[in-house]
Amino acid sequence: MKEKLKNELGTSNLILIGNGKSNGVIQALKSGIIERANKMGFAWKNSMNQPTTAGAYVIKHPFNQNRLMLHYFWNGEQVTDEAMETYMAKMQESIGFTSAYYQYYVLDKTGKVLLDKHVENPLSKFFAVE
């Protein structure tokens, strides 16, 4: 699978969704993901082993430094009902251009932010609701 991914997806940006332990693409790219995530301060192994957490991270594509890989994850069977509303709002916020640029965030089972790292978007002030 790694070779197929390298050949077919190496020139694409990737958006992956699902549990990191059961997602075949994540498992195939795992060593590169861990390396890149650790470089930006996201403890991938630790975050993926916290039960009932959910979140997202974006890294440089493991096969192509000019592309990105975004992974929306959850560590249980699904995102908990308590966290679903916050999870969906964070998902929308993280891909929009009217807010900060997120590198990663992790939510607990209630939707409370446990970890996050983002860079302020200078354009977001033009979209602020007052």
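**View 1. β4 and the lining of the largest pocket.** In this predicted model, β4 contributes the most to the lining of the largest pocket, giving 5 residues. Here strands (E, at least two residues) and helices (H or I, at least four) are DSSP runs numbered from the N terminus. The lining holds 19 residues, with Val58, Leu68, Leu70, Ser94 and Ile95 nearest the pocket centre. Elements giving two or more residues to the lining are β1, β2, β3, α4 and β4. A pocket is an open set of points on a 1 Å grid over the protein atoms alone, where a 1.4 Å probe fits, with protein on both sides within 12 Å along at least five of seven lines; lining residues have an atom within 4 Å of a point.

View 2. The 5 strands make an open sheet with mixed pairing, ordered β1-β3-β2-β4-β5; strands pair if DSSP finds at least two bridges between them. Because β1 (14-17) and β5 (113-119) stand at the edges with a single partner strand each, one side of each has no neighbour in the sheet.

**View 3. Where β2 meets β4.** Strands β2 (residues 54-61) and β4 (residues 101-107) run antiparallel and are joined by 4 bridges. Look for glycine 55 opposite valine 106 in β4.

**View 4. Helix α4 on the sheet.** Helix α4 (residues 81-95) packs on the sheet and touches β2, β3, β4 and β5, contact meaning heavy atoms within 4.5 Å. The α4 direction makes about 170 degrees with that of β4; axes are lines fitted to C-alpha atoms, for helices over the stretch in contact, and angles between N-to-C directions run from 0 to 180 degrees.

**Notes for all views.** Residues are numbered from 1 along each chain as its sequence is written. Local features need pLDDT of at least 70 and side-chain atom pairs count only at pLDDT 80 or more, while totals for chains, interfaces and linings use all residues; side-chain values use heavy atoms, leaving out hydrogens and water.
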